[in-house]
Amino acid sequence: MKGIHKVVVGTKYLKYEFELRRNLTIIRGDSATGKTTLVDMIRTHMNDGESGPVTLNCDKGCYVVEGNLWKGQLNNIQDSIVFIDEGNEFVKTKDFARAIQQTDNYYVIVIREGLPALPYSVEEVYGIRTSGKYGALKQSYHSFYRIYPDSTTENIKPEKILTEDSNSGYQFFDAVCAEHQIQCDTANGKSNVFSYLKAHKDEKILVIADGAAFGPEMDRVLQLVQTRENLTLYLPESFEWLVLSSGILKDTEVVQILQTPSDYIDSKEYFSWERYFTALLIEKAAGTYLNYTKKTLNKAYLSDSTKNAILGQMMKGKTE
């Protein structure tokens, strides 16, 4: 599945309206915020159809998967939006993560804690905002809001940079840091970022991680950032996205893709946007002096003009 899909589900007195732009959307929040009610309404419409009390407008089918028979249920759902309520422990398993890879569905998962087995974006973790009041005469309207703020690199002068892995992105920032006598470390995996920051509590650190898949770690890392003035997060989609956004390839198709990635990224082929941007950079740079591999950085990326273009995009943040 590709694209942005709008869901409007409601009854006479209750309405939810939201858009889904990636294969994995996480809904967080405390009790009584409407999370389970949303899933209940989808289930009611799934069971009763148009003759029931719930109306549903979406260009894709919407289904609820739950309980011990979840695998069998998933096998019968294609090109649809799948809702899973909290309390379904299977969503925390690697078995579930494997099962939904290479499916052409989008998934909306209600959960209170992180899901380490799933590579979901920090941009697709939402709470539910309510306007209006419950009651016989007034409709209660619900919409999604992003829980995590945008990252920024404005006015940052770190003593150290921490990257989540040791691939080309780390190698690029390590070389840049060496020029400025700044230390650059790797956490050797996103799940290690939190423990690294806990162990280096007195250092001024800029964390650079792939926002496209950092969602499971964001909650506990952000809690550290909010209590320590010496920590800053920069979360581009990925290092490959940063390179593509810098304009060094001078490719008009890349520019179009970056404007509306949802229109191009097939969830069946790419479990996370990070994987897509890696494949896109490899494809677009092949046969040029900027030939790209994930594991080892091509030294051409460290030439002054190329390096400065990438760093310049970094300073702009995620949006112009």
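Which residues point one way from strand β3, and which the other way? I opened my notebook with this strand, residues 24-27. I am working on a predicted model.

**Entry 1: strand β3**

I found that Leu-24 and Ile-26 point one way, while Thr-25 and Ile-27 point the other way. All of them are buried. Next I looked for a partner of β3. Strand β7, residues 106-110, pairs with β3 in the parallel sense. The two are held over 4 bridges.

**Entry 2: the open sheet**

I then turned to another set of strands. Here 4 strands form an open sheet, and the order is β11-β10-β12-β13. The pairing is parallel. Which strands stand at the edges? They are β11, residues 183-186, and β13. Each has a single partner strand, so one side of each is left without a neighbour in the sheet. I noted the twist too: from one strand to the next it averages 20°.

I went through the pairs in turn. Strand β10 covers residues 160-163 and is joined to β12 by 4 bridges. β10 is also joined to β11 by 4 bridges. Both pairs run parallel. In β11, the bridge partner of Thr-163 is Thr-186.

Helix α4, residues 168-179, packs on this sheet. I saw that α4 touches β10, β11 and β12. Its direction makes about 160° with that of β11.

Is strand β12 covered on one face or on both? Both faces are covered. On one side I listed Ile-205 and Val-207, and on the other Leu-206 and Ile-208. These four residues of β12 (residues 205-208) are all buried.

I moved on to strand β13, residues 231-234. It is joined to β12 by 4 bridges, and the two run parallel. Leu-206 has Thr-232 as its bridge partner in β13. I traced the chain between these two strands. It leaves β12, passes through helix α6 (residues 215-227) and reaches β13. This β-α-β crossover is right-handed.

**Entry 3: aromatic rings**

How many aromatic pairs are there? The count comes to 12. I looked at one of them, Trp-273 with Phe-277. The ring centres are 6.4 Å apart, and the planes make 85°. That makes the pair edge-to-face, because angles over 60 degrees count as such.

Both residues lie in helix α9, residues 273-285. They are 4 residues apart, about one turn of the helix. Trp-273 is buried, and Phe-277 is buried too. I also checked what sits over the face of Trp-273. It is Arg-22, at 3.6 Å from the ring centre.

Elsewhere I noted a cluster. Ring pairs link its members, Trp-70, Phe-90, Phe-96 and Tyr-107.

**Entry 4: one glycine**

Is Gly-127 buried or exposed? I looked it up in strand β8, residues 125-131. Gly-127 has a relative accessible area of 1%. The cut-off for buried is under 20%, so Gly-127 counts as buried.

I then took the distance from Gly-127 to Lys-35. In sequence they are 92 residues apart. In space they are 8.4 Å apart, C-alpha to C-alpha.

Methods. Residues numbered from 1 in each chain as written. Predicted model: local features only at pLDDT ≥ 70, side-chain atom pairs only at ≥ 80, totals over all residues. Heavy atoms only, no water. Phe/Tyr/Trp six-rings, centres within 6.5 Å; stacked < 30°, edge-to-face > 60°. Buried < 20%, exposed > 50% of the residue type's maximum accessible area, 1.4 Å probe, protein only. Lys NZ or Arg CZ within 6 Å of the ring centre and 35° of its normal. Pairing = 2+ DSSP bridges. Right-handed = clockwise from strand over helix to strand, strands pointing away. Axes fitted to C-alpha atoms, helices over the stretch in contact; angles between N-to-C directions. Contact = heavy atoms within 4.5 Å.
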